[in-house]
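Please read the following report with the sequence and the three-dimensional structure at hand.

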Amino acid sequence: MGKYFGTDGFRGEANIDLTVEHAYKVGRYLGYYFGKDKTGEDRARIVIGKDTRRSSYMFEYSLVSGLTASGADVYLMHVTPTPSVSYIARTDEFDCGIMISASHNPFYDNGIKLINSHGAKMDAAVEEEIERYIDGETGEIPLATREKIGRTTDYSMGRNRYIAYLMTLPTRAFKNYKIGLDCANGASFTVAKPVFDALGAKTFVMGDKPDGTNINLDCGSTHIEALQKFVVENGLDAGFAYDGDADRCLAVDEKGNLVDGDAIIYICGKYMKQQGQLTGNKVVTTVMSNLGLYKALDAAEIGYEQTTVGDKYVYENMMENGYVLGGEQSGHIIFSKNSQTGDGVLTSLKLMEVMVEGKTTLSELTRELTIYPQVLVNVKVKDKEAALSDPDVLKAKDEAEAKIAGNGRILLRKSGTEPLVRVMVEAETEELCREYAESVAQVIRDKGYEQ
């Protein structure tokens with residue numbers, strides 16, 4: 001992980017941690033990097049999408065200025081989900097894609113996600129070169145002049161092509177299904193309803209009135225309770241909630257119960273196995289997936305891999321081993337035959353396919369899955385590495401883990417973006433989870449690591 005770019009791009013509070021100058025320099029370097037080996041009249045071609053944050057327009061213009069100043073041509077998809085930029089970067093043979101979004105964060109944060117020509121996350125080596133340029137550690141790069149200066153093109157057709165692609169994926173129509181969609185006042189409001197309407201569903205939509213400051217505000221996948229209430233009050237068959245840039249999806253069954261990323265992996269994994277589509281008979285998860293998921297996968301005779309937290313690592317494992325399904329508890333689900341990144345709307349279509357083909361409900365599909373209570377305690381620390389390697393902290397973890405052996409687990413890990421050590425406990429009751437998590441967290445505090 002670099003100085004500016006983390007596991008999900010360059011992210012921070014707009015004009016504090018991530019400024020217009022940063023965005024301009026990112027554009028300058030990308031335009032130079034992808035254009036330096038072009039010959040003749042060829043030039044770098046880069047596609048940009050954004051979510052609905054007030055600052056997204058500012059960063060879009062800053063990126064465009066940097067890119068065109070370095071001689072790149074820029075294609076603007078405007079407000080559109082992250083996976084649509086990934087899809088268009090790959091299918092329309094762009095040199096790279098850029099998504100302006102801070103995903104599930106509040107409106108005052110923003111981010112720059114870089115996507116390579118294959119539709120996957122940009123190589124870390126390229127991000128490191130950009131960081132060196134931002135910090136003035138490399139020489140200045142040339143400005144384009146005269147006819148070599150780049151230009152911008154409206155490319156809203158790219159979003160429309162992505163919508164058309166999603167419509168082709170389900171094997172059956174959704175006629176007679178009443179479906180709730182929570183668009184988080186984010187990028188999915190341009191895509192989700194048109195897709196579900198075209199497939200015959202009767203759609204009930206919330207979180208579809210963005211004003212620049214209400215993205216993720218009491219709605220979307222980070223506030224699933226709003227959709228749970230919405231589904232029950234309207235008597236819907238299911239509901240799907242996306243995050244700000246629509247690369248996540250969480251679901252709600254007809255009874256108002258949460259169907260999280262672990263449950264989605266279980267449902268789709270079982271279905272794909274039955275259809276003979278689950279390559280290697282394995283799914284890819286992260287270490288944060290629930291113990292209940294693993295027990296249910298064992299019962300279904302489905303294998304699994306575990307990676308560190310981050311859909312980037314899930315995707316890397318899938319590509320290395322040829323697996324077709326993986327994801328995170330938070331709702332980043334990757335269907336590698338269809339997408340190179342998490343795709344919220346695609347995930348909801350895949351869940352609908354299982355329901356429609358099986359003529360069943362979401363609640364029935366999760367009947368054999370028991371999710372263990374899970375508690376996460378964060379401790380803000382001065383030194384993450386020291387805290388995680390302290391013998392007394394490790395002893396406290398081992399002692400607590402011994403008490404719940406076979407019926408739970410404890411995980412210690414550092415945050416990838418904040419000065420935090422996370423203590424995660426799963427056990428048979430929430431009370432036990434809280435007790436053991438606090439016991440380990442207290443040792444971290446007692447040893448003087450807390451900030």
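Apart from its neighbours within four places in sequence, S363 is in contact with D253, E254 and K255, where contact means heavy atoms within 4.5 Å. S363 belongs to helix 12, residues 362-365; helices (H or I, at least four residues) and strands (E, at least two) are DSSP runs, numbered from the N terminus. With a relative accessible area of 15%, S363 is buried. The terms are set as follows: buried is under 20% relative accessible area, exposed is over 50%, and partly exposed lies in between (1.4 Å probe, protein chains only).

The model is predicted, so that local features need pLDDT of at least 70 and side-chain atom pairs count only at pLDDT 80 or more, while totals for chains, interfaces and linings use all residues. Residues are numbered from 1 along each chain as its sequence is written, and side-chain values use heavy atoms, with hydrogens and water left out.

S62 counts as buried because its relative accessibility is 11%. Leaving aside neighbours within four places in sequence, its contacts are V20, A23 and Y24.

**Nonpolar cores**

In soluble globular proteins, nonpolar side chains tend to be buried together. A nonpolar core is here a set of buried Ala, Val, Leu, Ile, Met, Phe, Trp, Tyr and Cys residues joined through side-chain atoms within 4.5 Å. The largest such core has 64 residues, and L166, F196 and F240 have the most contacts inside it. Another core lies apart from it, with 31 residues that include F59, V64, I100 and I134. Which residues does L166 contact, leaving aside its neighbours within four places in sequence? They are V191, V195, D343, V345, L346 and L349.

**Cavities and a pocket**

Lining residues have an atom within 4 Å of a point. Grid points are joined across faces, edges and corners, and a volume is the space filled by probe spheres set on the points.

Three cavities of 30 Å³ or more are found in the whole structure. The largest cavity is lined by 16 residues, and D8, K113, L114, K121 and M122 lie nearest its centre. Strand 6, residues 109-116, gives the largest share of this lining, three residues.

The second largest cavity is lined by P83, S86, Y87, R90, Y162, Y165, N338, S339 and D343. Helix 3 (82-91) and helix 5 (156-167) are the elements that give two or more residues to this lining, and helix 3 provides the largest share, four residues.

The table gives volumes and lining classes, in which Ala, Val, Leu, Ile, Met, Phe, Trp, Tyr, Cys and Pro count as nonpolar, Asp, Glu, Lys and Arg as charged, and the others, Gly among them, as polar.

| Space | Volume | Lining residues by class |
|---|---|---|
| Largest cavity | about 150 Å³ | four nonpolar, six polar, six charged |
| Second largest cavity | about 40 Å³ | four nonpolar, three polar, two charged |

**Cysteines**

How many disulfides does a search of the whole structure find? The search finds zero, a disulfide being a pair of cysteine sulfur atoms within 2.5 Å. The sulfur of C219 is 9.2 Å from the closest cysteine sulfur, in C183, and is therefore too far for a bond. For C249 the closest cysteine sulfur is in C268, at 9.5 Å, also too far for a bond. C219 is buried, with a relative accessible area of 3%, and C249 is buried, at 0%.

**Backbone angles**

Most residues other than glycine have a negative phi. H78, which is not a glycine, has a positive phi of about 65°. H78 is placed in strand 4, residues 73-79, and is partly exposed at 25% relative accessibility. N176, also not a glycine, has a positive phi of about 75°. N176 sits in the loop between helix 5 and strand 8 (178-182) and is exposed, at 70% relative accessibility.

Conventions
1 Å grid on protein atoms, 1.4 Å probe; cavity = no way out; pocket = protein on both sides within 12 Å on 5 of 7 lines; lining within 4 Å.
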